[in-house]
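Take a look at the model below.

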Amino acid sequence: MKKLIYKIIGCTFFLASMSGCNKFLDRAPLSAPATGTFLNNENEINVSLTAVYASIKWEFGLVPYQSGSDAWTDLAILRANDLGEGTFDTYNAHPKALWTFAYATIQRANTMLDGMVKAKASVPVATYNRMEAEARVLRAWSYFYLAFMFGDAPLITKPLQPTDFYNQKRAPKQDIVKFIYAELDEAAKSLDWLPAVRGRVSKSVAMGLKARTALNNKDYQIAADAAKLVIDNAGISLNPKFQDLFTRSGQKPNAGNEIMLEVLYTDALASSITYLPLGNASRAAGGQSGRFPTQRLVDMFECNDGKRIDESSKYDPQNPSKNRDLRLKYTVSLPGDTLTMNNTTFVYDIYKNTTSFKNADGTWSVKTNADYDNAFGPSKSGVGYLWTKYTMTDENVFLAKVSFILMRYAEVLLTYAEAKIELGQLDGTVTAAINKVRQRAGQPVVPTAIETDQTELRKLIRRERTVELAVEGFRWFDIRRWEIADLVMPGKVVGIAKSAATMPSIPNFKTSAVHDLNSIPDYTGQLDLRYTRETRFWTPKLMLLPVPQSERDINPGLTQNKDW
């Protein structure tokens, strides 16, 4: 924030010096309203609101932070060591970026909400209330991340003056959560269940965010009630094809309106692109493969009989992609899969230096396989797997405009089911919500025998949430809510077999009751047979990110999280 002020001041003095006129700063701008006269009409408020929306695109290297955060969990890794290793400090760039992004959104929303009041009389009541409500939801969106990634944080609801940056105090997390609930309830009154314009927030998003916040705060009744409002009233359904959610052509119709909030990219601006597909795509297809799934994620996908791989007679360790939940194919690339990435169709392989590529005339040719021999490819830099989700998009990956989904209906269904299970309210609505998600994936419905078994349903919903929402930015929060981060984070990062001829046996999921409940496979005795990466570490302080040291240097009154 301080840097922003300095940039504005510096720019002002630069313009003044270039003008050669002492009274330059006294002149009113000729092409746009000055800050003091801005937000006088509906158009100006809408311009300001658009700026608030633009600020929720939180990226590192043109990659959404939500997607990248899965590499800070047990499900994935980045090519270079990162937060998942557990060895970072208070100067790390990622906590700093997340803190800054959140408060940039908050400051923009506060500026708009404070300034738009002067135009209230000239704007239709419904329009005014809707725009105000949208800004409040986006502000609450930022506070969700602050509350659950940093804990206590300054609760700012008005534009800050320059001197205010030096005296902000951290409000208790629970005060922030209460603020989020109140904001979303109030905003929802002025919003329709579906947005009038795609990409804008709606009542569904407000209640979905309330449900997400309550679930992570273990306010399960609030979570269930908010999610049920969406389920009963929004008229939303699941896209019939899971894979269509993650390609640009598949997203365009938004079947069922499943995509509730997304980061949109536009054809009108050449620079409006995402590098998520580029950074995940195969080296053989011309991608840069810098983020990789782990074996633990792969092994959480059930067989198509609805059973975990250690409990299914249909699982074949020698052919692990056979008879599996179809979401596995559309989430993770396994050797032998035929993939289309970067407008290239090929057979993914990490065991040979050549593989098959499809030609324009439909024939196939054998060519050099960069996934095998490239130093930054999945076999030499990762643990043998690639991401399929968001990567099999039908675009040039250097110019990709596939939307990144920030909220979708499947999450609401799974949130409702988890909250009800934790409450012990095991009625038919719970299995109905889970079954919608499972049946879309071609998986069997919840077995009748476990419909009233809280432990078995808890096991199922945790596995279901993991495989449905992988690489969408939920796992970091889930393993903390389920209190299993200390189990899943430390140790070697484990991947696929080093040799296709020597596939390891089925891992043990029942090391303990907690391992079984959370479907945590144990690879003891298999590490010599598998690709592995660095050893990760875990300490309790990692439950939260540290308050960035640079923020505390600006404002010594900001306290630090425990043990940082």
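Helix 14 and helix 16 cross in a left-handed way (the near helix is turned anticlockwise from the far one by less than a right angle; clockwise would be right-handed). Helices here are DSSP runs of H or I with at least four residues, strands are runs of E with at least two, and both are numbered from the N terminus. This is a predicted model, in which local features need pLDDT of at least 70 and side-chain atom pairs count only at pLDDT 80 or more, while totals for chains, interfaces and linings use all residues. Residues are numbered from 1 along each chain as its sequence is written, and side-chain values use heavy atoms, without hydrogens and water.

Helix 14 covers residues 409–423 and helix 16 covers residues 454–468. They pack at about 160°, with axes 10 Å apart (axes are lines fitted to C-alpha atoms over the stretch in contact, and angles run from 0 to 180 degrees between N-to-C directions). Helix 14 is therefore roughly antiparallel to helix 16 (the term covers angles over 145 degrees). Helix 14 brings residues including Leu-414, Ala-417 and Ile-421 to the contact, and helix 16 brings residues including Leu-457, Arg-458 and Arg-462 (contact means heavy atoms within 4.5 Å). By class, the contact has six nonpolar, two polar and eight charged residues. Ala, Val, Leu, Ile, Met, Phe, Trp, Tyr, Cys and Pro count as nonpolar, Asp, Glu, Lys and Arg as charged, and the others, Gly among them, as polar.

Now turn to helix 6 (residues 173–188) and helix 7 (residues 203–216). Their angle is about 160° and their axes lie 9 Å apart. The two helices are therefore roughly antiparallel. Their crossing is left-handed. Among the residues that meet are Val-177, Ile-180 and Leu-184 in helix 6 and Ala-206, Met-207 and Leu-209 in helix 7. This contact divides into nine nonpolar, one polar and three charged residues.

How values were computed: Parallel < 35°, antiparallel > 145°, perpendicular 65-115°, else oblique.
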